[in-house]
Amino acid sequence: MFRYTVWAFLLAPTLALAAPAAQAPAARPRPAAIAGMTPDAAAQIPDAKKLEIAEQSLRAIRKTVDRVAGRSDEARVEKDVGKLNCLNAQLTQMKGLAKVANQANDALVDAVAKKDSATANTQFARVAIATDKVQRMGGEADVCLGQLAYLVDGKTSVQVEQPEGLPGMDVTQRTPPPPPLVAPPVVRPVNASQYY
Amino acid sequence: MTGEMTLRRALVGSFLLGFAAVAQASAGNGIRVGGSSGRLHPYIELEGRYDSNVAFDQNANQSSGFILHVRPGLTLDSPGESVAVKLDANLDWAQYLGKNSNLSRLYGEAQLGVGVNRRGTLGLELTDGFRRSSTTHVLSFSGAVVENSNSLTLAVPWRPGGGAFVTTVSGGWDLSTFEAFDKGLICGDPTLPDCDAGRLAKLGYSDVRGGLELRWRFLPRTAAVLQGEYWKRLPQDSQLSSKPWGWRVWAGAAGLMSAHLAGTLKGGWGSISDAPGSISSWLANAEVEWLPVETASLKLGYVRDIGVDPGQDFGFTSHRGYLDARALLASQYTAQITASYEHRDYPKSNTLDAADLLVVQPSADIELTRWLRVGAGVAYTKRTSKIPSGGHQFPAFDFDKTEAFVRLRGTY
């Protein structure tokens, strides 16, 4: 029995401390291979792999842009101007980078077909750098929505907490306070305790 | 053995530290429920109270005492547009210290409010309040009692157009039961019917009521009101209690008189039948409230009303004056004083001609952090009565007491 008690006590703080971490939003996957990509580094990757990574990168860019665009639309519906401005600033840059990545991918496909390694490496690096930037900006868009609150339900809510002790605010709903409560003293029998 | 004890203590310490870490992360912010707008706040309140007149014996020797209250509870506030819910509930263990420790009891209180479609044309308001306490509104009891009461009200407001004219139909059910506080003894002489604990337990009752209110806001923050109410009492034992019924009608105005002055002026008429016989009287509520700033108010009022205390002949008319002043300073310090003086006339009673009750309570409250509040106050209560010739002066009819309390409340 004591052994189970020990385990319970040991596990409880661990679980308690782990709980906030479990609630934190999961980090977005970022392809480690393309972060900080240069043409020289791209030269180490086979052409077929380049095309495959570039295709994955474009899909990731589209997904990120769509996510931020969707939330921009929601902010417009909610008429949350501050959030909308913040999102649109990120979205404009992300769309520009997406265009650059698409053009670079087209050039990459051409260059691989022509077996032009130098151009392929350069264009692959452009795709990789654009992808990295878009994903970083997607993360910044989440932050500008207010400490990742958007990731939970995506809807703005305003919560007003009125401090205790304030007088009533609706001055037409007036009812007199109820009659006061009274607690008469208790009558003890003489033999109830040694003091009586 | 000693090593095992040390290990146990260490484990308990680490256990508490683990949860303290979680509590520190969001203390005071509560638990989010029902989407993003609802908040659930568990809390615990500790109160130390000195009472100068906890008890006295049959020889009228008065004794003071200390009471420690432990109140675990929770508040829920979910201000939705379609449905708004507000709940405050707590249990209250009152531990009497020293020689009165056998008076320790478990009490409790809960207030629930549910509002549906508050901005729409047709709404619904449900409120329910439960209380188990050693305090009571009844002034006809001969000694200390424990009262269990529940009040349920259902109201349907109808706001056609812009909501300037509101018609509210309401119905309610109030249930009260009583029990002797200490071992079946209410007052000194067990041979007297008023001191019989078995009889007291049968004085419980239900009140059913229905009402209609018309409210017209002829100015944005000022309204004319017309209110009517009918009620009927269903006693637990009709041999020991009368079966009164009655009605009230009020008319008047309530709201702002100037930018910093609000008030109520209502008058009316009310009648009670079978209390026993009939009691009719004019009714009034005059109140003025000064609001110098948004965080301070001073309210002074007067109420003339009628009612019935449990029993055979306790229909009454009452005059009551009240004062409520409060100020919130620097969003952190609250100072408050409440006072009330009530005089009740029992025109049909053979036990009690009149009862007077004075209660004055100044208090102060400090919000140390978002999750921790401390408060302290003093309460003075004086009860006097006028007894008919040949009547018996029961303990609860004439006493005074001074209470002082310190309160600490931690809210998650």
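Predicted model: local features only at pLDDT ≥ 70, side-chain atom pairs only at ≥ 80, totals over all residues.
**View 1. A nonpolar patch on the surface of chain B.** The patch consists of Leu226(B), Tyr230(B), Trp245(B), Trp247(B), Val249(B), Trp269(B) and Trp282(B), which together have about 670 Å² of accessible area. At least two residues come from each of strand 10 (222-235) and strand 11 (245-258) of chain B. Strand 11 of chain B gives the largest share, three residues. Trp245(B) belongs to strand 11 of chain B; with a relative accessible area of 33%, Trp245(B) is partly exposed.

**View 2. The salt bridge between Asp51(B) and Lys401(B).** The closest N and O atoms are 3.1 Å apart. Asp51(B) lies in strand 2 (residues 38-57) of chain B and Lys401(B) in strand 19 (residues 399-411) of chain B, so this contact ties together parts that are 350 residues apart in sequence. Both Asp51(B) and Lys401(B) are buried.

**View 3. The salt bridge between Asp207(B) and Arg233(B).** Here the closest N and O atoms are 2.9 Å apart. The pair links distant parts of the chain, with Asp207(B) in strand 9 (residues 205-219) of chain B and Arg233(B) in strand 10 of chain B, 26 residues apart. Asp207(B) and Arg233(B) are buried.

**View 4. The salt bridge between Arg344(B) and Glu342(B).** The two side chains meet at 3.0 Å, N to O. Arg344(B) and Glu342(B) are buried.

**View 5. A network of salt bridges in chain B.** Through shared partners, salt bridges join Glu45(B), Glu47(B), Arg49(B), Arg71(B), Asp92(B), Glu403(B), Arg407(B) and Arg409(B) into one network. Over all chains, the count comes to 27 salt bridges.

Definitions and conventions:
Residues numbered from 1 in each chain as written. Chains lettered and ligands numbered in written order. Heavy atoms only, no water. Patch = residues over 30% accessible without salt bridge, like charges linked within 9 Å, V, L, I, M, F, W, Y side chains within 5 Å. Areas by Shrake-Rupley, 256 points an atom, 1.4 Å probe, with all protein chains shown as cover. Salt bridge = Lys/Arg side-chain N within 4 Å of Asp/Glu carboxyl O. Helix = DSSP H or I, 4+ residues; strand = E, 2+ residues; numbered from the N terminus. Buried < 20%, exposed > 50% of the residue type's maximum accessible area, 1.4 Å probe, protein only.
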